[in-house]
Amino acid sequence: MQRIGKWNWEEKEEVTSTNDEAEALSQRVKDGEYVVTAIRQTQGRGRRGRSWIGYEGNLFMSFLQKIKPSQIGEIVFIVSLSLFESLKDIFPNINIKLKWPNDILVENNKISGILLEKGAGDYLIIGIGVNLVGAPKLEGVLYPATSLQEKGYEVDRRILLRKYIEIYDKNYEKWQAEGFKSIRDKWLKNVKGLGEEIEVHMEKENKRGIFADIDETGALILEQGNKKEKIYAGDIFYIDKHR
Ligand code: BTN
């Protein structure tokens, strides 16, 4: 194992999923923070039961950190904001936005995903995938995925890994010291669609309304007339007025 700051870093050649490796690691260790990366991922997982295709050259990383269950809702925002800020730091002119709950869009196309899973004991597994060189082109998808390379931005995955860790650690400390508000404010400043009409696709139904806010736990607040509703999980679609 190598070290990056306080993190114990293990790089694997090929894995099913870096989240699987992190889960196995959480069974063996008692303390400390770990990050597992892999060059190839053969059975990557996405949110809501989807798969995550593992092109070699993309970044696959899973962090193992002790997080209280009550703070999981907030950590998603620290993770996505930190990834957003890392990309901005490396490419100051990049046109990127956050997408609720935890995606990053480059010129309206998804380039990253975050999957939180429970590890052994108090460990949380924070799995992050970034499309650096490749992205699946699926038919009929409204907001197709892209890669940074396709958009003209090249970065080595180890450089992004180190930058992400530096920024995440800073944001994490700020959150511990000052609470969620400072993170939430920065996140809201960079999110796509705030104050606009969106459609949220949930497990059993779809709902339309105005993306009014996120609450102190990270739930999306959807405004329909004078009714406000909290949405805890789903995919959002922007209503393009120019279509
Ligand atoms: C999403 O659906 O947007 C979340 C995708 C998460 C992908 C990453 S890649 C590293 C880690 N290992 C996995 O199997 N999934 C996450």
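A polar contact here is a pair of N or O atoms within 3.5 Å; inside the protein, one atom must be able to donate a hydrogen and the other to accept it, and sequence neighbours count only if both atoms are side-chain atoms. The model is predicted, so local features need pLDDT of at least 70 and side-chain atom pairs pLDDT 80 or more, while totals for chains, interfaces and linings use all residues. Numbering runs from 1 along each chain as its sequence is written, and side-chain values use heavy atoms, with hydrogens and water left out.

View 1. A backbone N or O atom of Arg45 sits 2.7 Å from a ligand oxygen. Lys110 brings a side-chain N or O atom to 2.6 Å from an oxygen of the ligand, and Thr18 has a polar side-chain atom 3.3 Å from a ligand nitrogen. On its own the ligand exposes 420 Å², and the protein buries 98% of that (Shrake-Rupley areas, 1.4 Å probe).

**View 2. The shell around the ligand.** The ligand is surrounded by 20 residues (each with a heavy atom within 4 Å of it), and the closest are Ser17, Gln41, Arg45, Arg47 and Lys110. Six of the shell residues are nonpolar, ten polar and four charged, where Asp, Glu, Lys and Arg count as charged, Ala, Val, Leu, Ile, Met, Phe, Trp, Tyr, Cys and Pro as nonpolar, and the others, Gly among them, as polar. Elements giving two or more residues include helix H1 (18-28) and strand E10 (123-130); helices are DSSP runs of H or I with at least four residues, strands are E runs of at least two, and both are numbered from the N terminus. Strand E9 (109-118) gives the largest share, four residues.

**View 3. An aromatic pair, Trp7 and Phe63.** Their ring centres are 5.1 Å apart and their planes lie at 85°, so this pair is edge-to-face. Rings of Phe, Tyr and Trp (its six-membered ring) pair when centres lie within 6.5 Å; planes under 30 degrees apart are stacked, over 60 edge-to-face, and the rest tilted. Trp7 belongs to strand E2 (residues 7-15) and Phe63 to strand E6, so to speak distant parts of the chain, 56 residues apart. Ten aromatic pairs turn up by this rule.

View 4. Most residues other than glycine have a negative phi, and most peptide bonds are trans. Trp100 and Pro101 are joined by a cis peptide bond, with omega about 0°; Pro101 lies in the loop between strand E7 (96-99) and strand E8 (103-106). Arg48, not a glycine, has a positive phi near 50° and is found in the loop between E4 and strand E5 (51-52).
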